[in-house]
Amino acid sequence: AELQANARQTGADVIASVDGIIRRANLAPFKDKLANPPAWAEAARGKNYITVPPDYLREGWWLMMSRQVAGIGLSVGPGVFGLAPGEKHWATPTVPGEAMKALEEGCRAAVMLGPLLRNMPERAPEVAILESYAGAFFAGQAAWDWSTASRSLGNLATAANLPPYALFEEELAKGEVPASVKVVYAPVCDVLTERAADALARFRARGGRVIGSPTLAPGVKADAQLPDVGPLFVTRKTVSGKETDEAIRRQAAALRAVTGLRPYADVDNAWLFTFVRTYKDADVVFVVNDRREAGDYIGPWGKALEKGVANKGTVAVARAAGAVYDLVRHERVPFSVEKGQTRIPVSFGTTDGKALMLVSKPLGRLAAKAADGTLAVTSPDVAAMIPFGILDAQGKALRYGVLRDGRWSGPAPAGAAKVLNLADGAVTAF
């Protein structure tokens, strides 16, 4: 969200990345002597960086895919050695095979859905986190690391299924709170510029709510007080991974209660997160499983839960759908409509994700025609973005695209023979 806020001011593209390594000092410190350390710990003695737990990587990849950015990737730095079996430099190849498998799964989904991910906008935000430059510096709130109240609050908002929109004070001072936003969180706003304070007053006058910390600038009225979010719990070295997990769920519930909003896409399970992209009649709901336990990799140190756990729940979307599609499995999925809500059962084997497309009626068949080196793909469903793949005669994918308003055209790859609808799995030959 912060990268997107920067991009709105600079016009730059956002490239998000997930770390391929972790720093041992935080989660598997040398100084903590275990009675029965895992075998890799001896082999990695003296190594400051180790391969990221595979299920962290898998979940992080899906969280990146859920947001509209120009590209996603893996940040490895010296950790490239942790993903390369046999390498003996900075990091050790603890579980490279498992990590690479998780990375391959994520890359496959990202490449396949890439055109959709780049083009389909996020649903207009309802919750914004105000980040104050003035408050950070003039009130002594500048952070020395990643453990800021704003970022902790963003994590809790995500856990509460209220995807956060980062609103920088400089941006607010130049205009208004976005029209779709109903609630503004003000966690570190002890000092605000006069223009930002005036914009918040206008926001409240149109019915918006400001939820601030106890130290909110006295010239700004708050409608409610934020629960104590504190720094990221993982940095508190005396707190266990289990305690961290429980605290996140507890504080996310408190944040949701004080916010007073019902998410557009909600889940009856506190370990499932949702994000929504919307284009005309189509919603793509991303659902990510965050349920983890202590495994046998870094779990023995007790500071983190790194092993994904099977989980299930029911997603409730505030609209009546006529069809729901799994964009990765390319198939329709069961659902029900109750009191104007679409209810979709979901299940996960580990910290995985899903991309579920909701539309008002079942999608029609794609049509494709190649002429003079140009391929044209059309759909009768003009009020949706539909991802598709171009295949050769043997079914191998040559490239991927997305239909906007029922149309797409581009160069026909050599050997192209079929078009695959990534929503329903239907294949059209041409």
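Two strands count as paired if DSSP finds at least two bridges between them. Keep that in mind for the tour of this predicted model.

**Stop 1: the sheet.** Select β7, β6, β8, β9 and β10, in that order. These five strands form an open sheet, and their pairing is parallel. At the edges are β7 (165-168) and β10 (224-225), each pairing on one side only.

**Stop 2: inside the sheet.** Show residues 183-186 and 209-212. These are β8 and β9, which pair in the parallel sense over four bridges. Now pick Y185; its bridge partner in β9 is I211.

**Stop 3: the helices on the sheet.** Select residues 2-10 for helix α1. Helix α1 packs on the sheet and touches β6 (127-131) and β7. The direction of α1 makes about 50 degrees with that of β7. Next, select residues 241-259 for helix α11. This helix packs on the sheet too, touching β6, β8, β9 and β10. Its direction makes about 145 degrees with that of β9.

**Stop 4: two loop residues.** Most residues other than glycine have a negative phi. Go to H330, in the loop between β17 (323-326) and β18 (331-332). Its phi is positive, near 60 degrees. H330 counts as buried because its relative accessibility is 18%, and the cut-off is under 20%. Then move to D405, in the loop between β25 (397-404) and β26 (407-411). The phi of D405 is positive, near 55 degrees.

**Stop 5: cysteines.** Select C189: it is buried, with a relative accessible area of 0%. Now try C107, which counts as partly exposed at 31% relative accessibility.

Notes:
Residues numbered from 1 in each chain as written. Predicted model: local features only at pLDDT ≥ 70, side-chain atom pairs only at ≥ 80, totals over all residues. Heavy atoms only, no water. Buried < 20%, exposed > 50% of the residue type's maximum accessible area, 1.4 Å probe, protein only. Contact = heavy atoms within 4.5 Å. Axes fitted to C-alpha atoms, helices over the stretch in contact; angles between N-to-C directions.
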